[in-house]
Amino acid sequence: MGPGPISAYPSVLRAMSAPLVGQYDPYMTAVMNETQELYRSVWATRNEATLLIDGTSRAGIEAAIVSLVRPGDRVLVPIFGRFGHLLAEIAERAHAAVHTIETDWGQVFPVSAIEEAILRVKPALLAIVQGDTSTTMNQPLDEIGALCAKYGVLFYTDATASLGGNAFEADAWGVDAATAGLQKCLGGPSGSSPITLSDRAVKLVRSRSRIEAGIREPGDKNSAHFVRSNYFDLGMILEYWGPRRLNHHTEATSMLYAARECARVIALEGRDAVIERHRIAGAAMLAGVRGLGLRVFGDMAHKMSNVVAVEIPDGVPGDAARAAMLNDFGIEIGTSFGPLHGRVWRIGTMGFNARLDTVLTTLVALESVLRRFGASVPVGGGADAAADEFRRA
Ligand SMILES: *Cc1c(COP(=O)(O)O)cnc(C)c1O
């Protein structure tokens, strides 16, 4: 019940034990095609270029940024938590001229602040996190795409923590590139990164691909123009997932099965129903920790559904209490980073864990542990408040 990685859906674990096939086996390519179609519906897009990057979420982020950013390009990164710093760092490594704006932890940016920064910086790319697990905040993105289109800026977002548990509308929001990982609301293991690219983004990455230029040998004098990574060259990866099936890396078969099953779980339950399940479980966990008399961190109007930052009560040793949750109850909750370290625990309700029983047992365990460490907590206050929230839903 931490901020991720989470317990995977049982069917995802089963899917990963299926037999391996060769990478051009018709079964393999059929599963790749099916997975693309399933993720188009997860992202709410018609983008042909919807696929998986092998590696954890960071692999998707890196593929998007190194393929979209040409050396010297201005990149604007609005930072509202730890993962915004990661986007800035990766853009810097791609030799972008990185400009950042920051807001206090626990807040998101108003659209006006992003517009003001776009006007000042005139970036080629806006890179922004949707949900930052470090602060639990969910940046509204629905007006950002129109803003980017107005000023001719490409729009990339890291939706790792939020996708599948909060609204995401790639096409309706005008997103050019978005990436995620399986180990949050999608309910799988880490190690595969779903990505989707608009036609505009595809045009750019193809223009930077050696394949498109017909140059495959090193030593070409224009090589600075090409994507500075082989593994993350989206132009090449697109040819591998596309009809030409040009060999690139060996697709990670078991992760492909896992990613497909994560999206299948969502398709079977219904995308909106899964997002609603996360909303209800998150609201119940929030009501529950408040029912225990605990304070929560951040602007609740912009909290992600799937994680809450709970202030550690005075006098309670945060790490020892977390260890007691794990050792005595078998329930993992999260610590926190940077300015929140030692101040809050982060409790998640994601994927397979966004359920009534997991929320209630976590709250009952937390109540017991808090009392053991000397905090005075209302008897049954957490589980009762959470159960009420589920009944209301
Ligand atoms: C959890 C998380 C990641 C994780 O990246 P990994 O490479 O999978 O560890 C990236 N971005 C955000 C916003 C996250 O919340």
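The interface between domain 1 and domain 2 buries about 2,100 Å², where buried area is the accessible area (1.4 Å probe) that two parts lose on being put together, summed over both. Carbon and sulfur atoms give 65% of this area. On the side of domain 1, Trp105, Thr136 and Ile266 lose the most area to domain 2, and together they make up 26% of what that side buries. The model discussed here is a predicted one, in which local features need pLDDT of at least 70 and side-chain atom pairs count only at pLDDT 80 or more, while totals for chains, interfaces and linings use all residues. Residues are numbered from 1 along each chain as its sequence is written, and side-chain values use heavy atoms, with hydrogens and water left out.

Domain 1 covers residues 10-267 and domain 2 covers residues 271-392, with bounds that come from an automatic or database domain assignment. The contact (heavy atoms within 4.5 Å) takes 30 residues from domain 1 and 22 residues from domain 2. The C-alpha centres of the two domains lie 30 Å apart.

Polar interactions also cross this interface. The rule finds 10 residue pairs in polar contact there, both residues being at pLDDT 80 or more; a polar contact is a pair of N or O atoms within 3.5 Å, and within protein one must be able to donate a hydrogen and the other to accept it, with residues adjacent in sequence counting only if both atoms are side-chain atoms. Helix H2 (26-43), strand S5 (131-132) and strand S6 (137-138) are the elements that give two or more residues to the side of domain 1 that touches domain 2. Here helices (H or I, at least four residues) and strands (E, at least two) are DSSP runs, numbered from the N terminus. The interface also holds 1 salt bridge, defined as a side-chain nitrogen of Lys or Arg within 4 Å of a carboxyl oxygen of Asp or Glu.

At 1% relative accessibility, threonine 196 is buried, a term for under 20% relative accessible area, with exposed meaning over 50% and partly exposed in between (1.4 Å probe, protein chains only). Its side chain makes a polar contact of 3.0 Å with the side chain of asparagine 47.

What of the cysteines? The whole structure has 0 disulfides, a disulfide being a pair of cysteine sulfur atoms within 2.5 Å. Cysteine 262 is buried at 0% relative accessible area, and its sulfur lies 11 Å from the closest cysteine sulfur, in cysteine 185, too far for a bond.
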